[in-house]
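Hi everyone, thanks for coming.

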Amino acid sequence: MRPRSARSSSSSFCRAEKCDSISVWRSSKSTFSPSGSFGGAMLGTSTMLRVTTSSLCACSRRLRLLGPPSASASTAAPPPKTPENQLTVRSLYQLSVDIRKVRKSKAWVLSEGSAYVRETAELLRDMGADATAIASILETHPEAVLCRPEEAAAQRDLWVSVCPNKRELMSMVEKFPASFFTLTHHGHQRANVLFLQSLGLGNRIIGKLMASAPQSFSRPVGLNKEVVHTLRETYLELGGDEGDLRVWLRKLLAQNPHILLRPAGAWRDSLGFLRERGFTTEELLGLVSSLRASVAELRPEAMRRALGYVEAALACSEDELKQIATRCPAVLHHSLPTLAGRFQGLMDVGLSAQQVKESPNVLELTTPIVLYRIQKLASLGYDVRSGSLDVVAGTKKDFETSCGKLHLRQRRPMFNPVAPLRPAEE
């Protein structure tokens, strides 16, 4: 864009030139008067044209001089791009890889000087991948061709040790190619695999953890040991049984692979906050067991805001608030905007705060799901405004079971036509 000073200068100059041209026109206009001669008219016209032309040329030169320095640079050719490695491009093309997708997502990979396209494809082929799978993996994660063959082979051996067969191995690699080709800290990965195996976790669960949460395996094993030790202490302090500890840990890790990434001290802070709010040891164990994977997301400040909102919205006491949190642990890990939006959605359809207090599990459902279920129940003749919300809450299977019972009740006749009528005296 042209600077403001340049535009104002050029505009002033053009206005001045325009005024000069008008003056010349007025001076020459007299030559066309009836008293003037034809030759004088021609002379005035030619003079006017010469002056106007010179004025326009001068204005054009002034505009070029006042133009911004970038005006000429904008027409220059863009800086040359880094040339692509044609050997890499040809090798990927031979594997039926869509080069356009690679250029659009990870164009820098094609410009790297060293690439191992053939070696990477051969590695995947040995693992059981067909041509279509190889092309899909390299399109999704083209950085794979930059991995050194010996490092990729070591990663393959580690993943094979926790996968029962090639079919499941390739299924995970196709879904999580970035996790498989994360070759940093290979020693940490192997040490963490051995540690999780020592906890009694099955290879199938460990393989899923490696695919969905590679960061947990790339860090030193000592950090993961500290987190697991904290979880063990927490579970036993809350009255958990030592014999059920491994089962409990397996459920936690299976439901939330990123649970190991949370610092050990954060666990103590969250449970300490709940103790301060008056939750008993038995209630805390029930919360931790119910939340399972979501327990890793608890934050004292977020829980304080959520509990404060629920207490004010439902007009409940401290004891009632603890019962609500125990029956519906979701209120502890949902954000305040989420809780407020769901509660307001219930109020908008005509429900009462007392109904929500009696069936707090309804807050676990999103507003669209609640609206759909209310409409479904209304079509079956059930009005939730005058009944319990327990039929709305629950899993999809529970709701379908409740709808089935209501549907049978709706089809049932008012009386049995074959049953004997009772005598009037009865």
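Covering here goes by contact, meaning heavy atoms within 4.5 Å. Before I go on, this is a predicted model, where local features need pLDDT of at least 70, side-chain atom pairs count only at pLDDT 80 or more, and totals for chains, interfaces and linings use all residues. Residues are numbered from 1 along each chain as its sequence is written, and side-chain values use heavy atoms, with hydrogens and water left out.

As for helices, they are DSSP runs (H or I, at least four residues), numbered from the N terminus.

So which residues of α6 are buried? In α6 (residues 117-126) they are Val 117, Thr 120, Ala 121, Leu 123 and Leu 124. They sit on the same side of α6, because their arc around the axis is only 155°; that arc is taken from the directions from the helix axis to the C-beta atoms. After α6 comes Gly 128, with a positive phi near 110°.

Next stop, Ser 270, which is in helix α16 (residues 264-276). Is Ser 270 buried or exposed? Its relative accessibility is 2%, so Ser 270 counts as buried; the cut-offs are under 20% relative accessible area for buried, over 50% for exposed, and partly exposed in between, with a 1.4 Å probe and protein chains only. Leaving aside neighbours within four places in sequence, Ser 270 touches Arg 262, Leu 298, Arg 299, Pro 300 and Met 303.

Technical notes. Helix = DSSP H or I, 4+ residues; strand = E, 2+ residues; numbered from the N terminus.
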